[in-house]
Amino acid sequence: MINATIYKIYYNIGLYYLNKTVILLKSLGSQAHMETIEEGESSRAGKLKDDEEAEDNGAREEPDEVNKSRTRAARPAPRENLKKAEQMLIEAFSVFYQKLRLLKSYSFLNVKAVSKILKKYDKITSRDATKPYMKMVDSSYLGSSDEVVRLMEHVEATFIKHFANANRTKGMNILRPKAKRERHRLTFSTGFSAGCIFSLIVALAAIIRTRNLLQEEGQAQYMDTMFPLYSLFGFIVLHIIMFAGNIYYWRRYKVNYSFIFGFKEGTELGYRQVLLVAFSTGVLALLCVLANLDMEVDPVTKDYQAFTELLPLILLLGIFAVLVMPFNFFYRSNRIFFLTCLFHCMAAPLYKVTLPDFFLGDQLTSQVQALRSIEFYICYYGWGDFRHRNNTCNKSGAYKGFFFIVAVIPYVSRLLQCLRRLFEEDNPEQGWNGLKYFLTIVAICLRTAYSIQQGQIAWRVLAAISSAAAAIFCTYWDFIHDWGLLKRTSKNRWLRDKLLIPQKKVYFIAMILNVLLRFAWIQTVMDFNFSFMHKQTMVAVVASLEIIRRGIWNFFRLENEHLNNVGKYRAFKSVPLPFNYDKDEDKDD
């Protein structure tokens with residue numbers, strides 16, 4: 001009874017909006033037609049009148065033409081308005097048609113569920129209750145009504161007539177887009193790129209071993225200059241690989257990540273496509289490393305080879321060029337989506353904060369070392385240090401100042417996003433979230449100050465206290481708010497009521513790893529030094545651990561968001577329409 005009532009309510013709502021849309025289409029179509037006729041008639045009449053009065057009223061032609069041009073300019077262009085309304089209606093029709101398909105599936109699954117329940121009941125009790133009960137279900141409104149099917153046919157006919165020029169194939173491809181098929185060449189390219197990365201790593205290790213590069217005089221100089229340049233690509237590739245793993249497990253456990261991020265249907269990338277981007281970048285970076293392994297300076301010019309020294313910069317500029325390339329090539333819609341979210345993060349308080357925006361902001365907070373590597377690129381190549389492979393950046397006060405600024409930019413962006421949501425949504429929780437980022441900003445500044453002025457106990461104590469406070473607060477926020485775990489009253493003890501992963505131990509392991517990786521900053525305060533590991537290598541390892549922690553955080557954050565959407569029955573985002581139905585209702589009343 002309840003299911004049939006819900007079914008009928010959704011049907012009536014859909015029918016109401018469809019009728020409104022059809023009325024709007026007719027009115028817009030007739031209006032555009034009349035305006036076209038009026039413009040044609042007026043132009044013809046004006047032309048005849050001008051021919052008749054050309055000799056007598058020659059002096060009046062100029063002001064008349066000026067007045068006509070002014071009135072035409074003052075009148076809004078109907079074609080532009082119609083085009084905008086048409087795009088809005090196409091999107092609304094597509095979403096509405098998908099809702100009808102879900103409603104049809106809802107009806108079918110409920111009838112199927114009753115049938116299976118009755119079969120199980122007959123099997124256990126040895127009674128023949130299926131036929132009379134199924135006869136009752138089939139004759140009910142839920143089982144016998146075909147109004148949704150007729151409404152879908154009505155939507156199809158209306159859409160094909162008004163938006164597809166009576167081309168049914170074209171219209172149905174828009175209303176019911178086909179799922180993208182995974183191509184074999186994508187799988188081959190991904191596997192080939194992965195094999196190339198493995199081969200290049202083996203070749204790199206063999207070259208270093210056979211040429212004994214770690215023992216040469218230029219090894220320390222190489223680690224201080226070239227290693228930070230190439231480590232940037234390592235951070236990027238690792239983060240993309242973690243995101244590919246997130247997509248794989250989101251799909252495996254039915255997390256609707258495309259809806260959560262707001263991707264257009266059919267444009268979201270699969271994990272193979274993301275891995276192809278990561279492996280391709282990794283192959284190019286490793287090729288540059290192999291071409292730039294020279295440790296000795298030219299004895300004549302006392303310089304290194306200019307071309308090989310410029311390889312990291314060329315690769316970085318190439319990646320940036322592909323990212324901003326306007327052509328419809330290499331996942332254009334996803335690149336535009338990423339750049340839009342990135343711009344919203346940079347201009348945080350000026351735009352309404354959506355989940356993709358603050359999700360990307362959180363990713364950037366785990367790429368602080370990558371941002372510092374970009375700062376080093378500007379200093380190293382801008383000041384000409386690459387010719388002699390010298391690192392004079394640490395001696396510059398401006399570089400040290402920007403070392404602070406670059407590190408806190410992602411956290412300041414997230415803080416401003418939280419403040420905007422606090423004032424817009426009037427949600428006190430966003431204030432506490434902003435406090436979390438403020439504590440992290442203080443901790444990063446103090447740790448950076450201690451790394452620049454090592455040996456001072458005061459800076460060390462302040463850095464340790466602030467970092468511990470920020471880490472504890474952030475860990476609490478991860479577990480309670482972002483992941484929705486540690487609920488005492490939950491039927492899954494210390495977790496939450498609904499879990500997508502059946503193995504509960506996975507959640508406890510993830511929490512333990514989050515704590516351990518969250519406190520990786522201890523190395524920067526305690527000054528752990530290993531004889532077999534260079535300082536820059538230790539910095540890269542700590543930054544990689546934070547990226548891995550972020551990858552783990554991503555899965556459980558979106559899992560919690562997905563469960564909240566399911567609990568609140570959110571399967572579609574609201575679609576704007578080119579009319580105000582509230583006003584129309586008031587007029588009807």
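Residues are numbered from 1 along each chain as its sequence is written, and side-chain values rest on heavy atoms, with hydrogens and water left out. Because the model is predicted, local features need pLDDT of at least 70 and side-chain atom pairs count only at pLDDT 80 or more, whereas totals for chains, interfaces and linings use all residues.

The unreviewed UniProt entry places the feature "transmembrane region" at residues 186-208, 228-250, 271-293, 313-331, 397-413, 434-452, 458-485 and 506-526; the positions follow the numbering used here, feature names are shortened, and such annotations may be inferred rather than shown by experiment. Among these spans, residues 458-485 are 89% helix and 0% strand, with end C-alpha atoms 37 Å apart, while residues 313-331 are 63% helix and 0% strand, with end C-alpha atoms 24 Å apart. Helices (H or I, at least four residues) and strands (E, at least two) are here DSSP runs, numbered from the N terminus.

At the start of α16, a side-chain oxygen of S396 comes within 3.3 Å of the backbone nitrogen of A398. Further along, α16 bends by about 45° at I409, with a proline, P410, following within four residues; the bend is the angle between axes fitted to the seven residues ending at a position and the seven starting there. D426, which follows α16, has a positive phi, near 55°.

A disulfide is a covalent bond between the sulfur atoms of two cysteines, and is assigned here to a pair of cysteine sulfur atoms within 2.5 Å. By this rule the count comes to one disulfide, formed by C379 and C393, whose sulfur atoms are 1.9 Å apart. The torsion about the S-S bond of C379 and C393 is about -115°, so the disulfide is left-handed. Since C379 lies in helix α15 and C393 in the loop between α15 and α16, the pair ties together parts that are 14 residues apart in sequence. Both cysteines, C379 and C393, are buried, where buried means under 20% relative accessible area, exposed over 50%, and partly exposed in between (1.4 Å probe, protein chains only).

The loop between α15 (368-382) and α16 also holds W383, which counts as partly exposed at 47% relative accessibility. Contacts of W383 (heavy atoms within 4.5 Å), leaving aside neighbours within four places in sequence, are with I378, T392, C393 and S396. The C-alpha atoms of W383 and C393 are 8.7 Å apart, across 10 residues of sequence.

Two further cysteines were examined. C345 is buried, with a relative accessible area of 3%, and its sulfur is 6.9 Å from the closest cysteine sulfur, in C341, too far for a bond. C445 is partly exposed, with a relative accessible area of 26%.

Finally, M152 is found in helix α6 (residues 147-163) and counts as buried at 6% relative accessibility. M152 touches Y97, L100, R101, K104 and R176, not counting residues up to four places away in sequence, and its C-alpha atom is separated by 10.0 Å from that of K99, 53 residues apart along the chain.

Note on methods:
Polar contact = N/O pair within 3.5 Å; in protein donor to acceptor, adjacent residues only side chain to side chain.
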